[in-house]
Amino acid sequence: MSALNREERRRYERKRVQVRVDFADGDSITTSASSRDIGLGGLYILTDAEVQQGCSLKITIDLTEGRFESDAVVVYVDEGCGFGVRFKNLSEENEKILRRSLDLK
């Protein structure tokens, strides 16, 4: 899978939000980290955890409007800093939770 360029990564508005993010790849225990920014398309996770581009993850975030859970794919990695993920198959309910919690139009 090729890395998305910055313009493609920013298809959706992002909000700078730092909240706890739990993520698991299905093979290991769940890891907790913090978000840097979140939008309808995905989020950036601040962590030194080692993940591979293209890896599938299960993301869980407790937001002001409720618990957000989604499948995601790692689209780029900043080694030692974090990584960006794109949400997969975002449900209507999860989209509503994101829009309300992040005050997105």
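1. Let's start with a charge and a ring. The charged end of Arg36 is placed over the ring of Tyr44, 3.7 Å from the centre of that ring. Please keep in mind as you look at it that this is a predicted model.

2. Now step back to the whole chain. How many helices and strands are there in the protein chain? There are 2 helices and 7 strands. Of the 105 residues in the protein chain, 43% are buried. Take also the contacts between residues at least 6 apart in sequence: 52% of them join residues at least 24 apart.

3. Aromatic rings come next. The count of aromatic pairs comes to 3. In the pair of Phe23 and Phe83, the ring centres are 5.4 Å apart and the planes stand at 80°, so this pair is edge-to-face; the cut-off for that word is an angle over 60 degrees. Phe23 belongs to strand S2 and Phe83 to strand S7 (residues 82-88), so the pair links distant parts of the chain, 60 residues apart. Are these two residues buried or exposed? Both Phe23 and Phe83 are buried.

4. Stay in strand S2 for a moment. This strand covers residues 20-24, and Ala24 lies in it. Ala24 has a relative accessibility of 16%, and because buried means under 20%, Ala24 counts as buried. Which residues does Ala24 contact, leaving aside its neighbours within four places in sequence? They are Thr30, Ser56, Leu57 and Lys58. For one of these, Ser56, the separation from Ala24 is 32 residues in sequence, while in space it is 8.6 Å from C-alpha to C-alpha.

5. Val74 sits in strand S6, which spans residues 66-78. With a relative accessibility of 0%, Val74 counts as buried. How far apart are Val74 and Val85 in space, C-alpha to C-alpha? The distance is 4.3 Å, and in sequence the two are 11 residues apart.

6. Here is a backbone detail. Asn89 has a phi near 55°, a positive value in a residue other than glycine. Why point this out? Most residues other than glycine have a negative phi. Asn89 is found in the loop between S7 and H2. At 74% relative accessible area, Asn89 is exposed, because the cut-off for that word is over 50%.

7. Asn94 is in helix H2, residues 92-102. Its relative accessible area is 10%, which means that Asn94 is buried, whereas Asn89 is exposed. Not counting residues up to four places away in sequence, Asn94 touches Arg67, Phe68, Glu69 and Ser70.

8. What kinds of residues form the lining of the second largest pocket? The lining divides into 4 nonpolar, 5 polar and 4 charged residues.

Terms used:
Residues are numbered from 1 along each chain as its sequence is written. This is a predicted model: local features need pLDDT of at least 70, side-chain atom pairs count only at pLDDT 80 or more; totals for chains, interfaces and linings use all residues. Side-chain values use heavy atoms; hydrogens and water are left out. Ala, Val, Leu, Ile, Met, Phe, Trp, Tyr, Cys and Pro count as nonpolar, Asp, Glu, Lys and Arg as charged, and the others, Gly among them, as polar. Helices (H or I, at least four residues) and strands (E, at least two) are DSSP runs, numbered from the N terminus. Buried means under 20% relative accessible area, exposed over 50%, partly exposed in between (1.4 Å probe, protein chains only). Contact means heavy atoms within 4.5 Å. Rings of Phe, Tyr and Trp (its six-membered ring) pair if their centres lie within 6.5 Å; planes under 30 degrees apart count as stacked, over 60 as edge-to-face and the rest as tilted. A charge sits over a ring if NZ of Lys or CZ of Arg is within 6 Å of the ring centre and within 35 degrees of the ring normal.
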